[in-house]
Amino acid sequence: MWGHAFQLRPHQPRNVDFIQRALSVLNRGDCDTARALLDLAHAHICLAEAEARAEEVESVAAEAAVEQQRALALKARADADQADADRAEAAARKAAAESAAAESQVATVHARAEVARAEVAALEAEDTARLTPVERAVRKVARLILAAHHTIPASRKPQAPDMYAVSLETVQDALRVSHTVAGQRRQAAADLIANGYTGDCDLSLSGQ
């Protein structure tokens, strides 16, 4: 019992005092008091160790809290950076779409201008050839059919121009004629194309 008691960190001031008092009492033959003093010293040592462990746990918990706050701050910053990146990407996509739309619009305007010039050239050629109004009307419809054929995507484009790509209503509007006459002119235009008519214009142009 005494050997165990003297191993209880006698370097701690209060515990040293308790141990010295226990030794003094023991020398007087009072074993019970000595044992009580040593138990008290042991209790103080256990208390001190428990407090030290509690402080260590609190310190570790504080460090963990700091690390957690740091991790949360890093995540918030990463989320903010991602949000900025998403906004920048969305803005870039919008700008690219607007640029493509603008380029398409410019291309359409140029195409319409080229089609108009080609139409003028075709009309001048018809004037030179002294074609009749009916022949002129048939060729105009033929050019509409050829232009419509060109606008069809390659994956769906038939080998030969299809007169049904141009509605009778379109022909009526273009020629200012009745539905019946429009049908006749469209059929004649299809026959003209089948015989090799190319429209006397650049068919790489849009018919819009």
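1. Start with His149. This residue sits in helix H4. The model is a predicted one. His149 has a relative accessibility of 12%, so it counts as buried, the cut-off being under 20%. Setting aside neighbours within four places in sequence, its contacts are Lys157, Pro158, Gln159, Ala160 and Pro161.

2. Pro158 is one of those partners of His149. Pro158 belongs to the loop between H4 and H5. Its relative accessible area is 33%, so Pro158 is partly exposed. Not counting residues up to four places away in sequence, Pro158 touches His149 and Ile152.

3. Now the overall make-up. The protein chain holds 6 helices and 0 strands. Read from the N terminus, the order is α-α-α-α-α-α. The chain has 208 residues, and 20% of them count as buried. Its accessible surface is about 14000 Å². Carbon and sulfur atoms account for 56% of that surface. Take contacts in the chain between residues at least 6 apart in sequence: 56% of these join residues at least 24 apart.

4. How do H4 and H6 pack, by angle and by distance between axes? H4 covers residues 133–151 and H6 covers residues 179–194. The angle is about 70 degrees, and the axes are 8 Å apart. The two helices are therefore roughly perpendicular to each other, since angles from 65 to 115 degrees fall in that class. On the H4 side, the contact uses Val134, Ala137, Val138, Arg139, Val141, Ala142, Ile145 and Leu146. On the H6 side, it uses Arg185, Arg186, Ala188, Ala189, Ala190, Leu192 and Ile193. By class, this contact has 12 nonpolar residues, no polar ones and 3 charged ones.

5. H4 also packs with H5, which spans residues 168–175. Here the angle is about 135 degrees, with the axes 11 Å apart. That makes H4 oblique to H5. The crossing of these two helices is right-handed. From H4, the residues involved are Ala137, Lys140, Val141 and Leu144. They meet Val171, Ala174 and Leu175 in H5. The contact divides into 6 nonpolar residues, no polar ones and 1 charged one.

6. Ala137 and Val141 are among the H4 residues in the contact with H6. Ala137 and Val141 are also among the H4 residues that meet H5.

7. Which residue has a positive phi although it is not a glycine? It is Arg176, with a phi of about 60 degrees. Arg176 lies in the loop between H5 and H6. Its relative accessibility is 73%, so Arg176 counts as exposed; the threshold is over 50%. That backbone value is one to check by eye in the model.

8. Last, Gly183. This glycine lies in helix H6. With 24% relative accessibility, Gly183 counts as partly exposed. Gly183 and Leu168 are 15 residues apart in sequence. In space, their C-alpha atoms are 6.3 Å apart.

How values were computed
Residues are numbered from 1 along each chain as its sequence is written. This is a predicted model: local features need pLDDT of at least 70, side-chain atom pairs count only at pLDDT 80 or more; totals for chains, interfaces and linings use all residues. Side-chain values use heavy atoms; hydrogens and water are left out. Axes are lines fitted to C-alpha atoms, for helices over the stretch in contact, and angles run from 0 to 180 degrees between N-to-C directions. Helices (H or I, at least four residues) and strands (E, at least two) are DSSP runs, numbered from the N terminus. Angles under 35 degrees count as roughly parallel, over 145 as roughly antiparallel, 65 to 115 as roughly perpendicular and the rest as oblique. Contact means heavy atoms within 4.5 Å. Ala, Val, Leu, Ile, Met, Phe, Trp, Tyr, Cys and Pro count as nonpolar, Asp, Glu, Lys and Arg as charged, and the others, Gly among them, as polar. A crossing is left-handed if the near helix is turned anticlockwise from the far one by less than a right angle, and right-handed if clockwise. Buried means under 20% relative accessible area, exposed over 50%, partly exposed in between (1.4 Å probe, protein chains only). Accessible areas come from the Shrake-Rupley method with a 1.4 Å probe; for residues, only the protein chains shown count as cover.
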